[in-house]
Amino acid sequence: MPIEPAVIISCVTVSLILTVVAWVGMPKAERVPRGTQALFEHIYQWHAGLADSLMGPQGRKYVPFCMAIFLYVLVSNWVGLIPNVFDWLVPVFPQAQALAPLLEPATKSPDVTLAMAIVSFIAFMGLGILKAFEPAPGHTHEAGDHGHDHEHHHDGGGFFGWLSHYVHPVPMLSKSMEGAMRFLLIPLLFLFIFLNIVEELARILSLTFRLFGNIFGEHQTKTQILALVGTFSGQAFHALAPGGAGVAGLLGFGFMALILWAVLLFVVCLGTLAGFIQAFVFSLLTMSYIAHAVAVHD
């Protein structure tokens, strides 16, 4: 299915916003951070604390990637909080229809959330494979029979060592059995391989639909309320026209429009909080998946 042009426009808009903020807001890093630099450093330190709790100090090298995901998802969510007033201008200014996609949240599209989930999936799978090729720290022996010091290192098993984690916990169970009893584990071996693969793929679906469902639902609610505001406002403006409902209609429709504006403001506030939470959850899950992937060979 082709991607809607509005989705592409929204993604480009979010990328431009982040690029402009980083370029204009941080022309030169200062020893004492201020303004945008202080904001970015707070976000970095926040993610660094999460990485420390999940992986220890070595987890900080994954912070920039998780922070970039957080910022992109956050801005994508918040862009859609702006009421799409361009739709109201279309009857008077038809050109406004071309500007409407700029206010669409990119993350209300499953194409975007799926793409973000795939990026996260490739990242933690790739980092897990790279970790398997890293030499694991050994230990140093004192000078022995050969009369010199030397260090022993072993690697993480390489690609096939990484693949071996898909058969767990069968090897552990095998060690607890003896003789022919171990042959009973053969069916379990294929079962756990299947379950471990499904678990990996389920992470893509979890990341995709959690973000898409929340943002799409919030956006649809806001859109419907905004449409009702436009309807009641239009009725209020036409109430005094010939054949209209008169002053009573003006007051009635105007009062309903104000009530719906208040409801819309409440929905926007909730959307602000929900957009932040969803961006945080997406980056946190990505970091936890990375922690699990690299911990297999620690």
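Predicted model: local features only at pLDDT ≥ 70, side-chain atom pairs only at ≥ 80, totals over all residues.
Helices here are DSSP runs of H or I with at least four residues, numbered from the N terminus.

**Helix 2**
- Helix 2 covers residues 35–55, and its 21 residues should span 30 Å at 1.5 Å a residue; the end C-alpha atoms lie 30 Å apart, which agrees.
- Its buried residues are Gln 37, Ala 38, Phe 40, Ile 43, His 47, Ala 48, Leu 50, Ala 51 and Met 55.
- Leaving aside residues up to four places away in sequence, Met 55 touches Tyr 62, Met 287, Ile 290, Ala 291 and Val 294.

**Nonpolar cores**
- The largest nonpolar core has 41 residues, of which Met 55, Val 73, Met 116, Phe 124, Phe 282 and Ile 290 touch the most other members.
- Two or more residues of this core come from each of helix 1 (5–25), helix 2, helix 3 (63–79), helix 5 (110–133), helix 8 (185–237) and helix 9 (246–295).
- Helix 3 contributes the most to this core, with eleven residues.
- Another core, of eight residues, lies apart from it and includes Ile 225, Leu 226, Val 229 and Leu 264.

**Largest pocket**
- The largest pocket holds about 270 Å³ of space.
- Its lining comprises 15 residues, and Leu 39, Ile 43, Leu 71, Leu 74 and Trp 78 lie nearest its centre.
- Helix 1, helix 2 and helix 3 each supply at least two lining residues, and helix 2 gives the most, with six.
- By class, the lining has 13 nonpolar, two polar and no charged residues.

Methods:
Residues numbered from 1 in each chain as written. Heavy atoms only, no water. Expected span 1.5 Å × (residues − 1). Buried < 20%, exposed > 50% of the residue type's maximum accessible area, 1.4 Å probe, protein only. Core = buried A, V, L, I, M, F, W, Y, C linked by side-chain atoms within 4.5 Å. Contact = heavy atoms within 4.5 Å. 1 Å grid on protein atoms, 1.4 Å probe; cavity = no way out; pocket = protein on both sides within 12 Å on 5 of 7 lines; lining within 4 Å. Points joined across faces, edges and corners; volume = space filled by probe spheres on them. Nonpolar A, V, L, I, M, F, W, Y, C, P; charged D, E, K, R; others polar.
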